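I opened the file to look up pockets, cavities, ring contacts and annotated sites. My notes follow in the order I took them.

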Amino acid sequence: MRTTQQSIGTLLRPSQEVSAALAQSAPVVALESTIISHGLPQPRNLEVALELEEIVREAGAVPATIAVLDGVARIGLEAGELKRISTEPGLRKLGFRDLPAATALRASGATTVSATSFLAARAGIRVFATGGLGGVHRGWADSQDESADLDMLSRTRVTVVCAGVKSILDVPATLQRLETRGVTVVGFRTDEFPGFYLHSSGERLDWRIETPGEAAEVMRAQDALGGPETALIVANPVPLAEQLDPALHDRVLSEALAAAERRKVTGQAITPFLLDYLVRGTGGASLEANLAAVRGNTHIAGQIATSWSEES
C-alpha cells in the first residue's frame, strides 16, 4: 500500500519553476483557472491568463496558475497546459469537494476559489489572487445556499486578495458568516467592503491596511498567535474610474434576479445565470469591471507575496 506522502506526490505536481521558487522561499502567487475556462470567451481567455501571470512577474513573484489535468493537480501551468485550459471543451469546474473524484477518475477541470485555496495551501503557497469570492446567496433562509468558499477559507491558512464577493450575493450575510467563522477581513486602502463590479458595497469594515507590507505583518501575526488555520481576506476595490456604472448595475441585477425567479433557476445554476445576464445586460461592461478588479488584485497579491517572502 502506498504511503500518504507518495500519494500526495502523485496527485499534486508543482511546475519546475514553482518548485524552485518554493524551495528557495521565493514569492509565489496562486491564480485560479475557472476565469480562463468558464469566465471568458476564446481567445481572450488565454490572453488574460498570460497577462495575469505577467502582472505577478512584474511584482517580483512567480505565478502559479492551478488546475487539475488528467487527475493531477498542477500547481503552475506550462504554456501548453494554459492553452489546454483555455480551449479544451467540456472541462469541469472543480470545487474542493470535487477534487477526490477528479483525481481518482483522472478527470480534468478548472479550480474554483475553494479548490484553488486548498491546493495552494497544500503546495505551500500563502498568497492567492482572484476576482470575487462566493458567499451567502440571497434568500439563504429558504434555500440554505452558501458557497463552499466560506467554509474552506475558515480552515485554510491562505491570504486571498479579492474585490469582495460577487454582488449577486447577500453581502451583509456573507460578512456576518465570515465573522462567525473567524476569518479576518481587511480593506486595502478602503474602509468599506468592495462590491466586486463596484468600488464599494456600502458595508463598513473594521480593519484597513495601506501597504502590502502591512498585509504581510498581519499574516505573521496570524502565525504567531496560532489558533484555527483561517484565511486572511485582503479586500481590494476596483478603481472608481473602472467600476461598473452603479445605476446600470442595480437595474440589470434587479432584472436578472426577477428573470431567475420566473424561470425557477436555483442551486448551482443560479450564479452562472446571473453573471451571464449581467454581462449581456450591461453590454459587456460588467466583464470589463471584473477584469479590472482581477488585474488590480493580482498586482497587489504579487506585492504582498514579495513582502511576505522578504521577511519570512
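**Second pocket**

I began with what lines the second largest pocket: helix 10 (171-180), strand 9 (184-188) and strand 10 (208-209) each supply at least two residues of the lining. Helices here are DSSP runs of H or I with at least four residues, strands are runs of E with at least two, and both are numbered from the N terminus. The model is predicted, so I noted the limits: local features need pLDDT of at least 70, side-chain atom pairs count only at pLDDT 80 or more, and totals for chains, interfaces and linings use all residues. Residues are numbered from 1 along each chain as its sequence is written, and side-chain values use heavy atoms, with hydrogens and water left out.

I looked up the volume of the second largest pocket and got about 410 Å³. Of its 18 lining residues, Glu179, Val183, Val185, Asp206 and Trp207 are the closest to the centre. Helix 10 gives the largest share of this lining, 5 residues. By class I have 10 nonpolar, 3 polar and 5 charged residues. The classes count Ala, Val, Leu, Ile, Met, Phe, Trp, Tyr, Cys and Pro as nonpolar, Asp, Glu, Lys and Arg as charged, and the others, Gly among them, as polar.

On a 1 Å grid over the protein atoms alone, a pocket is an open set of points with protein on both sides within 12 Å along at least five of seven lines; a cavity is a set where a 1.4 Å probe fits but cannot get out; lining residues have an atom within 4 Å of a point. Grid points are joined across faces, edges and corners, and a volume is the space filled by probe spheres set on the points.

**Largest pocket**

The largest pocket has a volume of about 1,200 Å³. I found 40 residues in its lining, with Lys93, Thr112, Lys166, Thr271 and Pro272 the closest to the centre. Two or more residues come from each of helix 3 (34-37), helix 7 (113-123), helix 9 (148-153), helix 13 (270-281) and helix 14 (285-311). Helix 13 gives the most, 5 residues. The lining divides into 14 nonpolar, 17 polar and 9 charged residues.

I then checked the UniProt record, an unreviewed entry, which places "binding site" at Lys93, Val113, Ser147, Ala148 and Asp149. These positions spread over 57 residues of sequence but cluster in space, with a largest C-alpha distance of 13.8 Å. Lys93, Val113, Ser147, Ala148 and Asp149 are included in the lining of the largest pocket. UniProt positions are in the numbering used here, feature names are shortened, and annotations may be inferred rather than shown by experiment.

Ser147 lies in the loop between helix 8 (140-143) and helix 9. I asked why Ser147 counts as buried. Its relative accessible area is 16%, and buried means under 20%, exposed over 50% and partly exposed in between (1.4 Å probe, protein chains only).

Helix 7 is mostly covered, with 8 of its 11 residues buried. Val113, Ala115 and Leu119 are among them. Just after helix 7, Gly124 takes a positive phi of about 95 degrees.

**Cavity and active site**

I counted 1 cavity of 30 Å³ or more. The largest cavity holds about 50 Å³ of space. Its lining consists of Leu31, Glu32, Ile35, Leu52, Ala129, Thr130, Gly131, Val294 and Thr298.

For "active site", the unreviewed UniProt entry lists Glu32 and Lys166. From this set, Glu32 is in the lining of the largest cavity. Glu32 is found in the loop between strand 2 (28-31) and helix 3, and is buried at a relative accessible area of 14%.

**Rings**

How many aromatic pairs does a search of the whole structure find? I got 3. One of them, Phe196 and Tyr197, is tilted, at 4.5 Å centre to centre and 45 degrees between the planes. Rings of Phe, Tyr and Trp (its six-membered ring) pair if their centres lie within 6.5 Å; planes under 30 degrees apart count as stacked, over 60 as edge-to-face and the rest as tilted. Phe196 and Tyr197 are buried.

The charged end of Lys166 sits over the ring of Phe196, 5.9 Å from its centre. I logged the charged end of Arg126 over the ring of Trp308, 4.7 Å from its centre. The rule asks for NZ of Lys or CZ of Arg within 6 Å of the ring centre and within 35 degrees of the ring normal.
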